[in-house]
Amino acid sequence: MADEDTIARIDALIAEERELRSHATGSGLDDAGTRRLRELEQQLDQCWDLLRQRRARAEFGDDPDQAQPRSVSEVESYQQ
């Protein structure tokens, strides 16, 4: 997945996340909405991680196409 594709995926996930969060104002989300929001957050973390991997590989002369998405458990355990 090229950087542009990853960025487009991030943009789509953010748009959906914003839509869900706008519905959460007031009465909140139902269980399905809460689960979907968590899935979106995890997918965003994976996409951002993949984009960082690709950019780091390119910066150091490696092939960015060799970057691989990491598991949710791996990217969720990163320190912020």
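I take helices (H or I, at least four residues) and strands (E, at least two) as DSSP runs, numbered from the N terminus. With that settled, I looked up proline 69, which sits in the loop between H2 and H3.

**Ground rules.** I am working on a predicted model, where local features need pLDDT of at least 70, side-chain atom pairs count only at pLDDT 80 or more, and totals for chains, interfaces and linings use all residues. I number residues from 1 along each chain as its sequence is written, and side-chain values use heavy atoms, with hydrogens and water left out.

**Confidence.** I read pLDDT as the predictor's confidence in each residue, from 0 to 100. The protein has a mean pLDDT of 91, and 98% of its residues reach 70 or more. Confidence is highest in H2, at 95, and lowest in H3, at a mean of 89.

**Proline 69.** I call a residue buried under 20% relative accessible area, exposed over 50%, and partly exposed in between (1.4 Å probe, protein chains only). Proline 69 counts as exposed because its relative accessibility is 55%.

**Helix H2.** I compared the helix with its expected span, which is 1.5 Å times one less than the number of residues. For the 29 residues of H2 that gives 42 Å, and the end C-alpha atoms are 42 Å apart, so the two agree. After H2 comes glycine 61, with a positive phi near 80°. I listed the buried residues of H2 and found Gly33, Leu37, Leu40, Gln42, Leu44, Cys47, Asp49, Leu50, Leu51, Gln53 and Arg54. Their cover includes H1 and helix H3 (72–76).

**Nonpolar core.** I define a nonpolar core as a set of buried Ala, Val, Leu, Ile, Met, Phe, Trp, Tyr and Cys residues joined through side-chain atoms within 4.5 Å. The largest one has eight residues: Ile10, Leu13, Leu20, Leu37, Leu40, Leu44, Cys47 and Leu51. Helix H1 (3–24) and helix H2 (31–59) each give at least two residues to this core. H2 has the largest share, five residues. In soluble globular proteins, nonpolar side chains tend to be buried together.

Contact here means heavy atoms within 4.5 Å. Residues up to four places away in sequence aside, leucine 37 touches Glu17, Leu20, Arg21 and Leu29.

**Glutamate 17.** That list took me to glutamate 17, which is in helix H1. Is glutamate 17 buried or exposed? Glutamate 17 counts as buried because its relative accessibility is 14%. With neighbours within four places in sequence left aside, glutamate 17 contacts Leu37, Leu40, Glu41 and Leu44.

**Salt bridges.** I count a salt bridge when a side-chain nitrogen of Lys or Arg is within 4 Å of a carboxyl oxygen of Asp or Glu. How many salt bridges does the structure hold? I find nine salt bridges. Side chains of opposite charge can pair when their charged atoms come close.

Arginine 36 pairs with glutamate 16, with the closest N and O atoms 2.8 Å apart. This pair links distant parts of the chain, since arginine 36 is in helix H2 and glutamate 16 in helix H1, 20 residues apart. Arginine 36 is partly exposed at 24% relative accessibility, and glutamate 16 is partly exposed at 31%.

Arginine 21 forms a salt bridge with glutamate 17, the closest N and O atoms lying 3.2 Å apart. Both residues are in helix H1, four residues apart, about one turn of the helix. Arginine 21 is partly exposed, with a relative accessible area of 40%.

Arginine 21 also meets glutamate 41 in a salt bridge (2.7 Å, N to O). This second pair again connects distant parts of the chain, with glutamate 41 in helix H2 and arginine 21 in helix H1, 20 residues apart. Glutamate 41 counts as partly exposed at 23% relative accessibility. Through shared partners, salt bridges join Glu17, Arg21, Arg38, Glu41 and Glu76 into one network.

**Aspartate 49.** Aspartate 49 counts as buried because its relative accessibility is 5%. Which residues does aspartate 49 contact, leaving aside neighbours within four places in sequence? I find Arg70, Val75 and Tyr78.
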